[in-house]
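Please view the sequence and the model together before reading on.

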Amino acid sequence: MTTRRVSDARRGSSAGSVSLVGAGPGDAELLTRRAARRLADADLVLYDALVDPDVLALAPAARRVYVGKRAGRPSVSQEFINRLMIRAARRGQSVVRLKGGDPFVFGRGGEEGLALAAAGVPFEIVPGVSSAIAAAGLAGIPVTHRGIASGFLVVSGHSEDAYAPVLSTLAPGSATVIVMMGLRQIPRIAALMIDRGWSADTPAAIVLGSSTNASETRTATLTQLRRPGETHLSTRVPGVIVIGDVVRLAARLSPQRNGDGQDRAALEPAAVRWLAGMGG
């Protein structure tokens with residue numbers, strides 16, 4: 001499929017179009033400028049679960065329709081969402097399909113793009129900041145770090161059929177593992193990784209409500225996560241699981257540790273020398 005970009009000039013015509021827009025990890029300030037413009041110009045916004053009200057407020061003139069999907073709850077079918085987008089665009093409307101994170105990271109953006117292409121509807125992709133990386137970063141956890149992790153793997157944790165084939169082939173400790181939509185599966189994921197040779201003491205972080213006022217980070221080892229009921233998590237708040245030695249860096253990089261009260265003894269020696277040279 002060749003993605004057909006919707007230029008600003010074309011938006012001035014009577015032809016309708018669809019923008020598949022990433023809403024980022026939650027905070028409206030983390031939207032791209034293009035995403036904000038598309039929302040401001042939209043006639044119709046079809047938005048997912050977990051999209052912050054402040055993001056929706058950027059589309060004051062649009063009709064806003066909730067089409068989100070949450071595990072274990074009634075939801076609108078993907079086929080119905082596709083029909084809504086196509087029908088509205090054919091009526092000349094500017095449609096924003098608003099998704100948490102990035103449209104192409106477990107957001108079904110590819111499926112929707114294919115449906116639009118098959119229907120001959122002009123569309124564009126507006127990337128968003130994926131929660132897969134943002135949740136870890138905002139918690140002070142770099143998904144890669146020289147000497148610790150040279151790569152990272154993102155998997156869906158909604159079912160064992162989704163994550164087991166991937167995690168079973170990953171060499172223990174070879175990459176940071178990021179699990180999306182996996183809060184209900186934490187004990188099974190931890191057990192699988194230990195059974196595949198990962199150290200039982202491998203640190204993990206569960207980042208809840210990233211970039212929102214409800215943000216919280218909990219840390220544990222794979223052994224602790226393996227015990228059912230150990231974390232006592234509410235699945236009403238979105239969460240990202242980060243597994244690997246990079247989690248240990250959060251003790252020095254988390255926002256709570258960065259500021260005027262920063263402990264220089266926790267910094268690398270080269271950083272201490274640099275700060276001294278700057279008069280800091």
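Of the contacts in the chain with a separation of 6 or more, what percentage is accounted for by residues 24 or more positions apart? Such residues account for 68% of those contacts. The model is a predicted one. The chain has 280 residues, of which 44% count as buried, and it contains 10 helices and 10 strands.

**Surface**
- The chain exposes about 14,600 Å², and 51% of that area is supplied by carbon and sulfur atoms.

- Five strands form an open sheet in the order 3-2-4-1-5, and their pairing is parallel.
- Strand 3 (63-66) and strand 5 (123-126) are the edge strands, each pairing on one side only.
- On average, neighbouring strands of this sheet are turned by 20 degrees against each other, direction ignored.

**Helices packed on the sheet**
- Helix 1 (residues 33-41) packs on the sheet and touches strand 1 (17-22), strand 2, strand 4 and strand 5; the direction of helix 1 makes about 135 degrees with that of strand 5.
- Helix 3 (residues 78-90) also packs on the sheet, touching strand 1, strand 2 and strand 4; its direction makes about 155 degrees with that of strand 4.

**Strand 2 and its partners**
- Strand 2 (residues 44-47) pairs in the parallel sense with strand 4 (residues 94-99) over 4 bridges, and Val45 stands opposite Val96 in strand 4.
- Strand 2 also runs parallel to strand 3, to which 4 bridges join it; here Tyr47 has Tyr66 of strand 3 as its bridge partner.
- In a regular strand, side chains alternate between the two faces of the sheet.
- In strand 2, Leu44 and Leu46 point one way while Val45 and Tyr47 point the other way, and all four residues are buried.

**The largest nonpolar core**
- In soluble globular proteins, nonpolar side chains tend to be buried together.
- The largest nonpolar core here has 24 residues, and Val177, Met193 and Ile243 have the most contacts inside it.
- At least two residues of this core come from each of helix 6 (160-167), strand 7 (176-180), helix 7 (186-195), strand 8 (203-208), helix 8 (222-226) and strand 10 (239-243).
- Helix 7 supplies the largest share of this core, with 6 residues.
- Leaving aside neighbours within four places in sequence, Val177 is in contact with Leu153, Leu167, Leu170, Met193, Trp198, Ile241, Val242 and Ile243.

Terms used. Residues numbered from 1 in each chain as written. Predicted model: local features only at pLDDT ≥ 70, side-chain atom pairs only at ≥ 80, totals over all residues. Heavy atoms only, no water. Core = buried A, V, L, I, M, F, W, Y, C linked by side-chain atoms within 4.5 Å. Buried < 20%, exposed > 50% of the residue type's maximum accessible area, 1.4 Å probe, protein only. Contact = heavy atoms within 4.5 Å. Areas by Shrake-Rupley, 256 points an atom, 1.4 Å probe, with all protein chains shown as cover. Pairing = 2+ DSSP bridges. Axes fitted to C-alpha atoms, helices over the stretch in contact; angles between N-to-C directions.
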